[in-house]
Amino acid sequence: MWFGTTNGVLKFDGYDFTIFQTDPENKNALPDSWLYEMCSDTEGNIWFIGSETGLFKCDTYTEKFISFHHDKNDKYSIPSDCISCITTDKKGGLWIATCDGDLCRYDAATKHFINYSENNMLPDTLCSKTIYSLLLDHNGLLWIGTNKGVNVFDPVHKTLIAYKPGDENNFAQYCSGNYLFEDHAGNIWMSFVNGGVKYLDPSTGIVRHYVHDDNELHSISSNNIGKIYEDHKNNIWIATYNAGLNLWQPETNNFSVFKADAEDENALSGNNVSTIYEDNSGILWIGMNGGGLNTVDLNDKNFDIYRKEYDNDYATNFPVSMYKDHEGKIWIATFGAGIRSFDPITKKFNSFLFENNKVDNKGFNLSMVVFEDSNNTIWAGTLSEGLHALNQETGIFKTFHSISDNADSTIFNQINCIAEDNNERLWLGTSVGLKCFDLKTNKYVGFNDIYTDTNQLSSDDISSLYFDDDGVLWIGGTSGGLTLFSPASNTVKIYKQDDKNPNSISSDAITCFFDDEKGKVWIGTDNGGLNEFDKLSQKFSSFTTKNGLPGNSVRGILSDDNGNLWFSTNNGICKFTPPSGGNNNAVCRNYSINDGLPGDEYFYNTCAKGDGGTLYFGSYTGIVSFKPNELTTNQFITPVLITDFQIFNKSIVSNDSSGILQMPIDETDEIILSHKQNVFSFTFSALSYVHPEKNQFAYMLEGFDKDWIYTTASKRFATYTNLDAGKYIFKVKASNNDGIWNETPAAIKITITPPYWQTWWFISLCGIAGTLLLYSFYNYRMQKKRDISRIRNRIASDLHDDLGATLSSISIMSEIVQQQIKNELPQAIPMLEKIGLSSRNMIENVNDMVWAINPKNDSFENIIKRMRTFASEILSAKDIAFNLDFDKNLLDSKLKMDTRRNFYLIFKEAINNIAKYSEAMNAFVFLKNNEDNLMMIIRDDGKGFEINTVEKGNGLVNMQLRAEEMKAKFNLASTPGKGTVIELELKNAAL
């Protein structure tokens, strides 16, 4: 909704106003704050007439304002900057009248202003150059209202005529041209300054003139007329400048008048009405001069309201009790005007005052309750004068005081409620307890006088009574809880509120009862909401505002023909659908003064169900009646808009410094954010103005939320924090006040860009760089290995070629010398033998070193071959059988050079020991690999030895030292007569 005011332009989304005002530093800001006319075109633009800057428009998509000014050098510019009135056509064009009497049209396609007042384009003369109003009718004819008459211009044929219907009242003459309007039937309405309203049927020439008449109650309220408007029901609304708003009723040709009333909060806020407009949801907006905005809901609710227009005394005499008699009449006890009867057929009230009523003593007419007994007698209980029986033929009451010729002498003149039992006795709830009036004897009897053996009642101040089908009297009071009294069994049972018992009654203040005849009694309470009592289980279930009730003080309960309960409260009327079947939740549809009710505050026990299912409730400001099946539901499918977008709680607007939005948020389809802008929120609105506070919303962020999140009109926002980079879609849908949903949501795509270190190109570059780095490292490692292999090969070759050859030469030469001198120097033979043995041992050690250094021997397959060769040669010489068993997966494994050397030398030392000392028949070697853990087990079946007694030689010590160097676990076990076991476990061998 857009509003032009004397202080800028307002945009309303149903909840909040956005204000547009002038800003000299912003060329797209509002150019003029004082606006007196506006209209919209087919493109959604809104055109304004300002008091100083003339014509300008607002592009509602971009919310930018564009001004149009006269340029003497441009023949297609607007003829003048002083504009009197505007209207739009169906082609998107704009018709403009200037203060100089020029008539022109703006062509949206060419963006040219065509002046029809020049170059004989307007062939005849206007009635006057002072143009006040323009109207384009359904035939495309342009009606021009001036201060001296009305012209009709045909834009197609370029003809202009002065409209003269020929009536004696001279219809066109003296027309102020205040406003021209065409209704749905093609009739033309014209408003006059101090001249009333005229109505013209162009097809027949019939003219009607409506003026104010002080002697005519239903005449128009003033002759000073402004805007005229037709709503979707074809009602004609007429604004006046000093006498409120008029509604024309075509059936009677009369006017209903709506004026300001300081005592009526539902009346107009003032009598100077400036404009009228109906929105798509059926709300009539009424703009006031000095009185703000007023709204009227035009959607039928079918509530009948009875106030002072039906009964002149009624408004000051509150209804405090209702009862439907056997004829279908509704009886009303009033607080100050006796009792009334209402005939639903004739809609007439009849008044019955008590016999002793005097002008200066109205206490006699302070009624509290009205009731019809089984003999069709109407009874009234009063505040201070006891019980009264009405003779309807004479209209005279007979009074029965509680202290006159009665067995009960207790004063209890205030009677709050009445119920009748099957023995023709009236039970009276009073402020001093329960009393009984015998209809057969017309005598009072106190409760305690009749049933002396019963327990005391829960409360003496009794406000509600009810007899169920079993003859049990249900008694409710202002305190003390619920009392069930059975006259048949002479017993009393009391139920009270218990905070520790969730199945207890929710309040001890009982207001009303209703039996649904399904085994459930519904109980209204003060401040405890509605209670359901299950007679079978003797348990209570409560419903309060938390379950959707409009208020927690339930004043009166009725039912409709569909199983729904209707009850009045301290805050409106509720339609209550009890839980049933698999549905454990009650459904509430609440009605308030905004739905057309006379008020939100209702009296206790002031309700009745009439014939035909009509329900009646009494409030502080009138009686409302309605048929539940005829109450209409708002079927308007509300548009839903996203109205605000915030990042870190700061609103983002189009074309601001952030650069995020190029269009207003409600026209934006996609938003792109950086990873630093991942905390944002949306505000949204439903454009249904019928009780917008009752609109419901559901939103979700696709890609994050798994389901819709529901919220109310008071929480119309959604916030998301610390979202990951990615693509999302924010969606929001809405319902109107009656729960009719628009299932087509408003949606915005959201892209959160990742930080550079998460982008594909950065990840690709990192991958390439990592690959190059790994390749370089791998190449470096391989080069190092190749270098090491070359060095090892060279060392092995040098050791083999140089040291090995030299040692072999020493060994050979020692043997030659030994042969040459064995006869001449026999004493040198041992030394030569020692030299030869040492050189041979050294050759063997050098071979081991060369084998260990040579890179080709790193593979386990070569290790196993060397182990097998060495052990077979050594052990076979001692007739010891050799067995080698290994895991096949070891063949493709490798050991580092140092580890391989120590591993092999431990094996070699063990085999040598077996050959030298074990006297074994068999030797076994097992090689196992388990998750990079290498285990070698060497076992023989020789003679064994005592470990603790044997002296450890260099061989055993060397094995232990080599195991420690490899960080391996070494274990030796031997048992005399059973052999020896050596275990070597090398962990994390990286095989």
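A nonpolar core is a set of buried Ala, Val, Leu, Ile, Met, Phe, Trp, Tyr and Cys residues joined through side-chain atoms within 4.5 Å. In this predicted model, the largest such core has 38 residues. Within it, F903, F907, V925, L927 and M936 have the most contacts. Two or more residues each come from α4, β64 (881-886), α5 (897-918), β65 (922-930), β66 (933-940), α6 (954-965), β67 (969-975) and β68 (979-986). The greatest contribution is that of α5, with nine residues.

M936 illustrates how these elements meet. Beyond its neighbours within four places in sequence, M936 is in contact with M867, F903, I906, F907, V925, F926, L927, I982, E983 and L984.

The buried residues of α4 include F860, I863, I864, M867, F870, A871 and L875. These residues lie on the same side of α4, because they cover an arc of only 140 degrees around the axis. An α-helix has 3.6 residues a turn, so residues three or four places apart point the same way.

The setting for these features is a chain of 991 residues, 48% of them buried, with six helices and 68 strands. Of the contacts between residues at least 6 apart in sequence, 51% join residues at least 24 apart. The accessible surface of the chain is about 50100 Å², and carbon and sulfur atoms account for 48% of that surface.

Note on methods. Residues are numbered from 1 along each chain as its sequence is written. This is a predicted model: local features need pLDDT of at least 70, side-chain atom pairs count only at pLDDT 80 or more; totals for chains, interfaces and linings use all residues. Side-chain values use heavy atoms; hydrogens and water are left out. Helices (H or I, at least four residues) and strands (E, at least two) are DSSP runs, numbered from the N terminus. Buried means under 20% relative accessible area, exposed over 50%, partly exposed in between (1.4 Å probe, protein chains only). Contact means heavy atoms within 4.5 Å. Accessible areas come from the Shrake-Rupley method with a 1.4 Å probe; for residues, only the protein chains shown count as cover. The arc is that of the directions from the helix axis to the C-beta atoms.
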